[in-house]
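Please read it beside the structure.

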Amino acid sequence: MAFPILSFIILAPLVGVLAIAVIPKQKLLAIRSTAAAATFVSLAGSVLICVLYDRVAGGMQFIEKLSWIHSIGISYSLGVDGISCPMVLLTGIVIFTGVLVSWSINERVKQFFINLLLLSVGAFGVFCSRNLFFFFLFYEIAVLPMFLLISVWGSGDKYYGAYKLTLQKIGGSVLVFIGILALYAVSGQNTFDIATLSRAEYLISVQKILFLVLCLGFGVLALLWPLHTWAPIGHAAAPTAASMFLAGVSMKMGAYGILRVAIGILPEGAKAIMPYIAVLAIINVVYGAIVAMAQTDFKYIVGYSSVSHMGLVILGLATLNWVGISGAVFQMFSHGVMTAALFALVGFVYGQTHTRDIRELGGLAAKLPIITGVFVLAGLTSLGLPGTSGFVAEFLVFMGAFKAYKVITVLAIIGSALTAVYVLRVVRKVFYGPVSKKWENLNDATAFEMVPLLILTGAQIFFGIHPGALVSLINIGAKAVAVKAGGGLL
Amino acid sequence: MTYVWLIPLIPVLAFIVLTFVGRKFSKASAYFAIACTVVAMVLSYVAFFSVLGGSSFHQAFKWFSISSFKVAVGVSVDSLSALMLIIVATVSVLVQVYSIGYMEEEDRFSWYYAVVSLFTAAMLGLVLADNFILFYSCWELMGLCSYLLIGYWYEKPEASSAAKKAFIVTRIGDIGLLVGIIILYITTKSFNFNTVFSTHIGGGIATASAILLFFGAMGKSAQFPLHVWLPYAMEGPTPASALIHAATMVAAGVYLVARTYPIFQASPTALNVVAIIGAISAIGAALMAVVQNDIKRILAYCTISQLGYMMIGLGVGSLTAGIFHLMTHAFFKALLFLGSGCVIHACHTNDIFEMGGLSKKMKITSWTFIIASLSVAGFPGLAGFFSKDEIITAAFKSGNYVIFALALITAFLTSFYMFRLCFVAFFGETKVKAKKAQEAPLSMTIPLIILVIPSIAAGWVAFSFGNFIYFKHPHAAEMNILVMIASVAMGLLGIVLAWGIYYRNWISDEEISRKIGPVHALLENKFYVDSIYSFLAHKVMIDGICSGFAWADMKIINRGIDGIAQLINWIGKELRLAESGGLDNYTLITFGCLALIMFYLLTLIF
């Protein structure tokens, strides 16, 4: 048997959790370094699988399987394809940079990193699982620690935010759980194995109902309108690293669930329901942008921008064609690193100015040129400027979507042009403008603080200039889904 | 000709180096950027002359692909792109040399050069692009550079909001461009220019995609109704305005139409749209220029107006005339802007009525400026005369007499407002701000002197130009002596009138504006277009729709979801009452249920 690299990626943060648990709580540096080391190992592993993935062979690779409860087909079964590889990489990047930006956390450091690392165990697990039982288990692991992260280390109306976010997500999980059990029951295959379930035959009516249930269930995490309100409220209350994880990874778990479970197992249901989901997706895009334009809280702006951008992901999925799905996955990656960067920057600015109200900020560029530069760059990714990963993502989604939904696509292009309005509004209000005396004591990012920002920005630029590195991977996985759902190239 | 790849890549190198280590070099960063652009310029001239010698070049690499959906990075050199290369590279070098003096006191000196280098790279890449995606990418990067340069003095609120406005308005145009590109791909299965043009495109699709592409061009080239950003863009440093907002980037829209001309030729409707929008922009902007007092704003409206001319040329079917005017305009407008930069540098004001008498204090600046003004006014023999005359002739020949008439009137207005500017700023009594004015340093005046040459002589190639540019088919400029006389007369009339009002003071301009009160108000308020947009953007969109949606999101959608939670909570509370803890209650319920079950079983039996 080959080296179990996927288990290695998933378990590294878990080992980190155990190690942190036995380190005395006064040894802050040891705790932080352990967290950084554990997540770095996962990051290195995730880079490795993206590089080593055999693009010619395609399909599921790095497969591991241990039967657990044989009678009902539950097994610890892992594998990654062209879609999950970039998601694992995204998780690795976001969690490692999340640990680095949390260096300055001083309250209950030990528990903080334990919770943060647990989240990543869940996320890695979701993206690697080939068995629905473990998929759901990991899915929940990636939800629950967030409650503690927000309610203990959060700010503002943190209890409301924590409850809201957790309950809404669990509401979605209930639908997902019902869907998974129903799949098990109606397939008659006596298994939770995704590949087997997707080969089973389902009545068209069953497909439609179950697809809808799963799509709405995963839709909560993927910010499908109108199930999205946990995001801005939760983000506003969450500590920086939790926000980065929420927007960077959690939302992608929802979209990934739609792709892998709902579309992958129920392609006929997808064909019937997706045109309606596409309508919700366009509402996401335009509505999110419009609401973002009216916000004054920095985090709400970024939060609603996620509502808009996740709409593009869902629109890409709704095309059910090869290019559109590739675009959706590219956008999942691109939005993940971009929004993680934005939240890291918001956290940085808040940490120094103690306000997130953009009306009170202003003129920061003179004191924080590096932070400004990184923010403008992430903003450009957000508005899809060529040369950043955001352009490739949006371009592929639009190309795929135009064939399937002409009017909706034009609206989506208009909606994503609105991104420029709120991004540049923030740049103008927060960073441009007269230099204020208030900000005389601000310090630009130190070399250490630059590391996570460089990683996140580097990813946006690298995959913007050399998108082939990711597209060559993604399109393999997207093809399999598109073929199953009967969608063509475009 | 593989070296062509280096033309855009060398300025990219300058951008990267200056962004990361420019601060340490300060002044040296200018020399580095200039050296890089000079290399690009030399290579451009080499490419130009080999195209003149009959060679061409095309090479493409895969960028990324999904099966047969392929996106390439490719360059192609033909006569049109070769011409654009030398225009862009030459003006960029001159502007950068000029900027050494103009920008020397700035803190972010190397950042300025970094962005100008990136802009130069993007524009050179744009003209070399062999496909829509590379074209669009460079197009957007130019927009970014424009944003960064307009907002160069970001501490000034006017500059930062002008930058934002420029980016957003051009982005609105880009929506059309992108949709047009997508439609063309769906129709032809390719992004490559040659493949798209050689595929037959049906009439309706051709019209739709041509107009959508043109919408993008309207944003970039500041054509009505997307012209509003350009006058505000003058908040940026003047040399940047000269390069980006006068000579090169704003002409990219014209270049786009010229590059995709086969699609426009397939649709007479689309060509008409181009001509009409061009004519409206030409005369509208010229009218607004007449009442401006800010030297840069006058030039900005002049740019819109001249770009409108180019669009007229393209729209009435004369690619040659449009591109010819693009070339001559690039030189004399760059000269005008650089000249205005010297003036502003010397007087510390933009208001022409605070200057006066500068021709004695700043001889080189004044006289080069006046020559460029004569060129833009179409004075016989100068560059602008040939190109403008070609456009007006083409409009006449196409039979669009309305557009022809508008073009003629615009010619009159152009020479009037340009010489209003000249007489007020350079002649007459010296006002306070101009008292201490001195001629600019050599690094600033030498570019002016160099630019005078093409501003005079660039038109002399008129007769061979058409043959060169028009897809290599003979397409020489045609002359119509009557049209020529008419346009020259209009130009001279404008100069004489400006001379009479602003030099000899036959009649005070204040009196005129009183007499035509409502018209003057209309022009001063820019036909109320800016106010309408501002109302729509701020009151209707932000304060109305956006705030309304934001309110609804929290108060209706979010409350609704909270309501579900509260409902569940309430049900739980109510059901809890059933768990009273009293044994009698439980017994009652148990027996009740048992009775129901027995009743059910009995019904089964009987």
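**Interface and cavities**

The rule finds one salt bridge across the interface of chain A and chain B; a salt bridge here is a side-chain nitrogen of Lys or Arg within 4 Å of a carboxyl oxygen of Asp or Glu. That bridge joins the side chains of A:K164 and B:D562, at 2.7 Å from N to O. This is a predicted model: local features need pLDDT of at least 70, side-chain atom pairs count only at pLDDT 80 or more, and totals for chains, interfaces and linings use all residues. Residues are numbered from 1 along each chain as its sequence is written, chains are lettered from A and ligands numbered from 1 in the order in which they are written, and side-chain values use heavy atoms, with hydrogens and water left out.

**The interface**

- Eleven residue pairs, both at pLDDT 80 or more, are in polar contact across the interface of chain A and chain B. A polar contact is a pair of N or O atoms within 3.5 Å; within protein, one must be able to donate a hydrogen and the other to accept it, and residues adjacent in sequence count only if both atoms are side-chain atoms.
- Helix α17 (residues 406-431) of chain A gives ten residues, the largest share of the side of chain A that touches chain B. Helices are DSSP runs (H or I, at least four residues), numbered from the N terminus.
- That side of chain A divides into 45 nonpolar, ten polar and four charged residues.
- The contact (heavy atoms within 4.5 Å) takes 59 residues from chain A and 48 residues from chain B.
- About 4700 Å² is buried between chain A and chain B, and carbon and sulfur atoms give 78% of it. Buried area is the accessible area (1.4 Å probe) lost on putting two parts together, summed over both.
- A:F395, A:L424 and A:Y432 supply 13% of the area that chain A buries against chain B, more than any other three residues.

**The cavities**

- The whole structure holds five cavities of 30 Å³ or more. On a 1 Å grid over the protein atoms alone, a cavity is a set of points where a 1.4 Å probe fits but cannot get out; lining residues have an atom within 4 Å of a point.
- The largest cavity has a volume of about 120 Å³. Of its 14 lining residues, A:E394, A:S416, B:Y136, B:R171 and B:L178 are the closest to its centre.
- The lining of the largest cavity divides into nine nonpolar, two polar and three charged residues.
- The second largest cavity holds about 70 Å³ of space. Its lining includes A:I301, A:F375 and A:Y422.

Technical notes:
Helix = DSSP H or I, 4+ residues; strand = E, 2+ residues; numbered from the N terminus. Nonpolar A, V, L, I, M, F, W, Y, C, P; charged D, E, K, R; others polar. 1 Å grid on protein atoms, 1.4 Å probe; cavity = no way out; pocket = protein on both sides within 12 Å on 5 of 7 lines; lining within 4 Å. Points joined across faces, edges and corners; volume = space filled by probe spheres on them.
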